[in-house]
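Biologist: I am new to this structure. Please show it to me before we go through some of its residues.

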Amino acid sequence: MTYTLILLRHGESEWNEKNLFTGWVDVPLNDKGWGEAKRGGELLKEEGILPDVLHTSLLRRAIMTANLALDAADRHWIPVKRNWRLNERHYGDLQGKNKAETLEQFGEEKFMIWRRSYDVPPPEISAENTYTQEGDPRYAGEPIPKTECLKDVLERALPYWESEVVPDLKSGKTVMVAAHGNSLRAIVKHLDDVADDAIVGVNIPTGIPLVYHLDEETLKPTNPGGTYLDPEAAAAAIQAVANQGKKK
Ligand SMILES: O=C(O)[C@@H](CO)OP(=O)(O)O
């Protein structure tokens, strides 16, 4: 027997469109993102892969994507758990900065290390930065990072995975996790045992459900890498995410 897990990255956001580093900044979906989210839900319905429980981050682009997708799949009524541990990677001082301009300013090597390396975080955000999350009530009593590398994201996402997601999977529920490019890369790294230096090449497209079937004993995928419900669209979108530094 296998358990079913659906990973869904939020649809395109206003800052994805503007090519800005986003991180914990709570930006809304754009019109394209709304469409992607609905389409994601339609794909779930067409394939008959229907979530029984939803886990989301505390950011509206993931929350709205899940709402729109579940509505399209007639699963708007399922229980929801939200947690900051599923938030996007905190992008430190890069939050709000243009990706192409950052690449130009610092060069491709540093840009790629900050963006995709496993264990090198971008520079820390200062308390005066407009895009700090200090004082945001949704994080009251929680440690707000000043920056994070993917390793940090994995270390804070894993306790939530183990304590909240795994029990839902083990109870036989089809679990949907609606989150972000880098928090989902962390989960994919964990599931697929992706090596630290290979995770640099993993990009997650917006709004296309990625379905994993997990062995009931090991919780490891019987379909390594997962299965995108629209593989053609996913391949094109993965390339677009990889190229993001290159467009203004
Ligand atoms: O800006 C961000 O927060 C993330 C996801 O959109 O970007 P990147 O793909 O560059 O890590």
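This is a predicted model: local features need pLDDT of at least 70, side-chain atom pairs count only at pLDDT 80 or more; totals for chains, interfaces and linings use all residues.

Biologist: Is Asp 74 buried or exposed?

Modeller: Asp 74 sits in the loop between helix 3 (60–72) and strand 3 (80–82). Helices (H or I, at least four residues) and strands (E, at least two) are DSSP runs, numbered from the N terminus. A residue is buried with 20 or more other C-beta atoms within 10 Å of its own, exposed with 12 or fewer, and partly exposed in between, the C-beta atoms being placed from the backbone. Asp 74 has 11 such neighbours inside 10 Å, so it counts as exposed.

Biologist: What is the phi of Leu 219?

Modeller: Leu 219 lies in the loop between strand 5 (210–215) and strand 6 (227–228). Although Leu 219 is not a glycine, its phi is positive, at about 60°.

Biologist: How many charged residues are in the shell around the ligand?

Modeller: The residues around the ligand, among them Asn 16, Glu 88 and Arg 115, are those whose C-beta atom, placed from the backbone, lies within 6 Å of it. Ala, Val, Leu, Ile, Met, Phe, Trp, Tyr, Cys and Pro count as nonpolar, Asp, Glu, Lys and Arg as charged, and the others, Gly among them, as polar. By class, the shell has three nonpolar and six polar residues, and the number of charged residues is two.

Technical notes: Residues are numbered from 1 along each chain as its sequence is written.
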